[in-house]
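Here is a short walk through one protein model and the ligands that come with it. Have a look at the structure, then read on.

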Amino acid sequence: METTDTVMPYEAIDASALLNSLHAGVVVHGPGTEILYANPRALELLRLSATQALGKAALDPEWRFLDEHKRLLPVEQYPVNRVLARNEAVTNQIIGVVDGRSADITWVLANAYPERDQNGIIAKVVVSFIDITGEKRDIPFEQIVAYASDPVVVTEADPVVGQGPRILYVNDAFTDLTGYTPEEVIGQSPRILQGEHTDPEARARIRQALIDRAPIREQILNYTKGGQEYWVELKIVPLRNARGEVTHFAAIEHDITVQKAEELVLRELATTDPLTGVLNRRGFSEQAQGRLAGALRDGQELSLAMIDIDFFKRINDTHGHAVGDQALIHLAGLLRTSFRESDVIGRLGGEEFAVLLPGATLEQSHVLMDRFRMRLAATPLKLHDGRWLGFTASIGVAELNPEKAGLAALTKAADSALYAAKHSGRNRVYLAP
Ligand code: GH3
Ligand code: MG
């Protein structure tokens with residue numbers, strides 16, 4: 001091998017001096033795991049004297065190794081034995097060292113690699129380790145989780161598909177929220193918390209994150225043991241062992257039922273006309289866009305009717321604005337009781353209303369709208385002074401044309417038909433060509 005001026009050849013380094021002063025512990029094993037060499041730091045960390053160590057097999061000494069979770073480490077899991085068994089290096093294994101003299105645990109991070117002879121046979125195994133006791137402080141995490149006010153669910157990492165991962169642990173907050181005791185859910189899949197109105201897309205996103213071993217945040221509707229709906233913000237994190245493998249998932253939940261209810265109220269306020277209670281322009285167009293997309297996707301018919309009160313200005317002028325408002329409420333009430341639940345009713349502004357009829361052809365809508373027009377004309381509004389106020393409306397109807405599919409085009413066509421109805425004398429239904 002070529003060497004440069006600044007790099008000494010390997011043989012020139014006083015390896016024993018280096019090893020003696022090294023901060024890391026180094027132990028060299030022979031192929032039968034017997035200790036051939038241990039530097040002073042290794043003896044200190046392993047709590048051995050030189051005479052105790054040399055020549056001994058790895059399984060011999062009086063100390064014991066623990067795994068990360070303080071369980072006795074089986075001999076075959078010792079770094080040297082793992083190297084021999086797997087015929088490859090071991091990296092970053094966390095090991096606790098204990099002996100009979102003290103309850104203290106010395107935590108070390110061990111690395112081990114094989115040294116081979118010319119034939120590739122393992123001649124030695126070099127194990128090095130550093131003291132990480134300072135970093136591995138003993139924090140009783142399980143108690144923290146047990147007392148946390150947010151529900152926590154820990155599952156196994158597999159199986160993600162099929163029946164789903166099994167629950168291993170839930171804390172008290174989980175029981176308080178869901179009504180399920182640990183005994184009732186351990187061994188079950190978290191899917192028992194989902195139900196009829198749980199968004200399938202949110203479920204699919206969670207499943208994908210579990211498959212990808214990726215953390216995820218979702219808001220999802222769950223069900224208590226008693227079948228009551230509640231909303232949680234869910235944070236799922238994969239948990240890894242010392243070798244970096246995902247062995248568990250922890251789901252930390254936060255009850256957001258109250259926020260969700262408030263959101264719903266705010267949404268309703270933002271999309272409802274306060275005078276008549278039907279959708280406002282914004283709410284109507286949101287709903288209409290959705291129905292339009294659905295109709296186009298399913299190749300369904302869909303019609304839109306625009307309804308405008310005749311001579312409304314005269315009602316206001318004659319009876320006052322409050323009676324005008326009563327007329328608007330009257331009309332909205334009649335609309336609500338004249339059409340199906342699946343039809344979308346909105347007040348687009350002033351005295352102009354719209355009804356979207358999914359599944360209805362132009363001809364069917366014509367019949368429905370004409371029936372409505374006659375019902376309105378035959379149903380006067382009772383005023384406070386006991387008199388009756390009759391009024392009529394003009395209606396324009398258009399049918400969805402898949403060629404010019406937008407809501408704007410449909411609205412424009414229905415508006416033109418309404419305009420034509422007004423100009424030909426009012427109190428009639430006109431169809432867009
Ligand atoms: P046409 O038959 O051609 O529709 O005549 P019209 O009088 O109904 O139509 P026009 O557009 O000339 O008048 C609409 C009136 O509606 C004008 C406006 O003052 C009134 N209006 C708009 N919004 C409200 C409301 O919220 N309450 C009341 N009372 N009146 C309203
Ligand atoms: Mg009008």
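Contact here means heavy atoms within 4.5 Å. With neighbours within four places in sequence set aside, V185 is in contact with I167, V170, F174, Y180 and I192.

## Ground rules

This is a predicted model, so to speak of local features a pLDDT of at least 70 is needed, side-chain atom pairs count only at pLDDT 80 or more, and totals for chains, interfaces and linings use all residues. Residues are numbered from 1 along each chain as its sequence is written, chains are lettered from A and ligands numbered from 1 in the order in which they are written, and side-chain values use heavy atoms, with hydrogens and water left out.

## V185 and its helix

V185 sits in helix α7, residues 182–185. Helices here are DSSP runs of H or I with at least four residues, strands are runs of E with at least two, and both are numbered from the N terminus. Is V185 buried or exposed? V185 is buried, at a relative accessible area of 0%. (Buried is under 20% relative accessible area, exposed over 50% and partly exposed in between, using a 1.4 Å probe and protein chains only.) As for V98, 87 residues separate it from V185 in sequence, and the C-alpha atoms are 37 Å apart in space.

## What surrounds ligand 1

Around ligand 1 there are 16 residues, and the closest are F311, F312, D325, R347 and K422. To be near the ligand, a residue needs a heavy atom within 4 Å of it. By type, the shell divides into four nonpolar, four polar and eight charged residues. Nonpolar covers Ala, Val, Leu, Ile, Met, Phe, Trp, Tyr, Cys and Pro, charged covers Asp, Glu, Lys and Arg, and the others, Gly among them, are polar. Helix α12 gives the most to this shell, with four residues.

Which residues place polar atoms 2.8 Å from an oxygen of ligand 1? F312 does it with a polar backbone atom, and R426 with a polar side-chain atom. A polar backbone atom of I309 is 3.0 Å from a ligand 1 oxygen. Taken alone, ligand 1 exposes 660 Å², of which the protein buries 67%. These areas come from the Shrake-Rupley method with a 1.4 Å probe, and for residues only the protein chains shown count as cover. Two or more residues of the shell come from each of β12 (302–309), α11 (312–319) and α12 (321–338).

D308 in strand β12 and E351 in the loop between β13 (344–349) and β14 (352–358) are 43 residues apart, linking distant parts of the chain. D308 is buried at 12% relative accessible area, and E351 is buried at 19%.

## Helix α4

In helix α4 (residues 79–86), the buried residues are P79, V80, N81, R82 and V83. Their cover includes β1 (25–29), β3 (64–66), β4 (90–99), β5 (102–116) and β6 (122–131). Just after α4, N87 takes a positive phi of about 60°.

Methods. A polar contact is a pair of N or O atoms within 3.5 Å; within protein, one must be able to donate a hydrogen and the other to accept it, and residues adjacent in sequence count only if both atoms are side-chain atoms.
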